[in-house]
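Please keep the sequence and the model in view while reading.

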Amino acid sequence: QVQLVESGGGSVEAGGSLRLSCEASGYTYLRRCMAWFRQAPGKEREGVATIDTGSGSTYYTDSVKGRFTISISRDNAKNTLSLQMNSLKPEDTAMYYCAAKVGSCYTSDWGQRSTYKYWGQGTQVTVSS
């Protein structure tokens, strides 16, 4: 079982920065695909970025490339997944979720909600213009 707990959301003006964190426990010794998703009101949940803990490969949705950076740090039995968000725009406003699955990431399905078995509770990000 994998447990995911997000933190770091908040409100910021356009052009500002926020850093989201997701503390992951359980199965940390296994290769995992870990991702950040977001969901704005009335919209589908979309994949923002993902990282393969085995290869270190990262993937981003086009709208955040060059502005967001996903990373992971390891500390004994817990891993911390981070999302550094710079140059934030009002359209980045959403609930952000941490997600994980055991196994590798694939370009064909990393951004699909159904790919991931484990989810955090979400953290709100609001960007004002």
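Where is Cys105 found? Cys105 sits in the loop between β9 and β10, where strands (E, at least two residues) and helices (H or I, at least four) are DSSP runs numbered from the N terminus. The model is a predicted one, in which local features need pLDDT of at least 70 and side-chain atom pairs count only at pLDDT 80 or more, while totals for chains, interfaces and linings use all residues. Residues are numbered from 1 along each chain as its sequence is written, and side-chain values use heavy atoms, with hydrogens and water left out.

**Overall fold**

- The chain has eleven strands and zero helices.
- Read from the N terminus, the order of elements is β-β-β-β-β-β-β-β-β-β-β.
- The chain has a radius of gyration of 14 Å, close to the 14 Å that the globule rule gives for 129 residues, so it is as compact as a globular protein of that length. The radius is taken over C-alpha atoms, and the rule is 2.2 Å times the number of residues to the power 0.38.
- The C-alpha trace spans about 40 × 30 × 25 Å along its principal axes.
- Among contacts with a separation of 6 or more, 62% come from residues 24 or more positions apart; contact means heavy atoms within 4.5 Å.

**Surface and charge**

- Of the 129 residues, 46% count as buried. Buried means under 20% relative accessible area, exposed means over 50%, and partly exposed lies in between (1.4 Å probe, protein chains only).
- The chain exposes about 6,300 Å², and carbon and sulfur atoms supply 45% of this area. Accessible areas come from the Shrake-Rupley method with a 1.4 Å probe, and for residues only the protein chains shown count as cover.
- The chain carries 14 positive and 11 negative charges, whose mean positions are 4 Å apart. Lys and Arg count as positive and Asp and Glu as negative, whereas His and the chain ends are not counted; each charge is placed at NZ of Lys, CZ of Arg, CG of Asp or CD of Glu.

**Disulfides**

- A disulfide is a covalent bond between the sulfur atoms of two cysteines. The criterion applied here is a pair of cysteine sulfur atoms within 2.5 Å.
- Another disulfide joins Cys33 to Cys105, with an S to S distance of 2.1 Å. It also links distant parts of the chain: Cys33 belongs to strand β4 (residues 32-39), Cys105 belongs to the loop between β9 and β10 (118-119), and the two are 72 residues apart.
- For Cys33 and Cys105 the torsion about the S-S bond is about 110°, so the disulfide is right-handed. Both Cys33 and Cys105 are buried.

- Apart from neighbours within four places in sequence, Cys105 is in contact with Cys33, Met34, Thr50, Ile51, Asp52 and Tyr59.
- Thr115 also lies in the loop between β9 and β10 and counts as buried at 14% relative accessibility.
- Cys105 and Thr115 are ten residues apart in sequence, and their C-alpha atoms are 9.3 Å apart in space.
- Not counting residues up to four places away in sequence, Thr115 touches Lys101 and Asp109.
- Thr115 and Asp52, 63 residues apart in sequence, are 13 Å apart from C-alpha to C-alpha.

**Other loop residues**

- Ala40 lies in the loop between β4 and β5 (46-52). Leaving aside neighbours within four places in sequence, Ala40 is in contact with Thr93 and Ala94.
- Ala40 and Tyr29 are eleven residues apart along the chain, and 33 Å separates their C-alpha atoms.
- Ser87 is found in the loop between β8 (78-85) and β9. Its phi is near 50°, a positive value in a residue other than glycine.
- Ser87 counts as partly exposed, because its relative accessibility is 41%.
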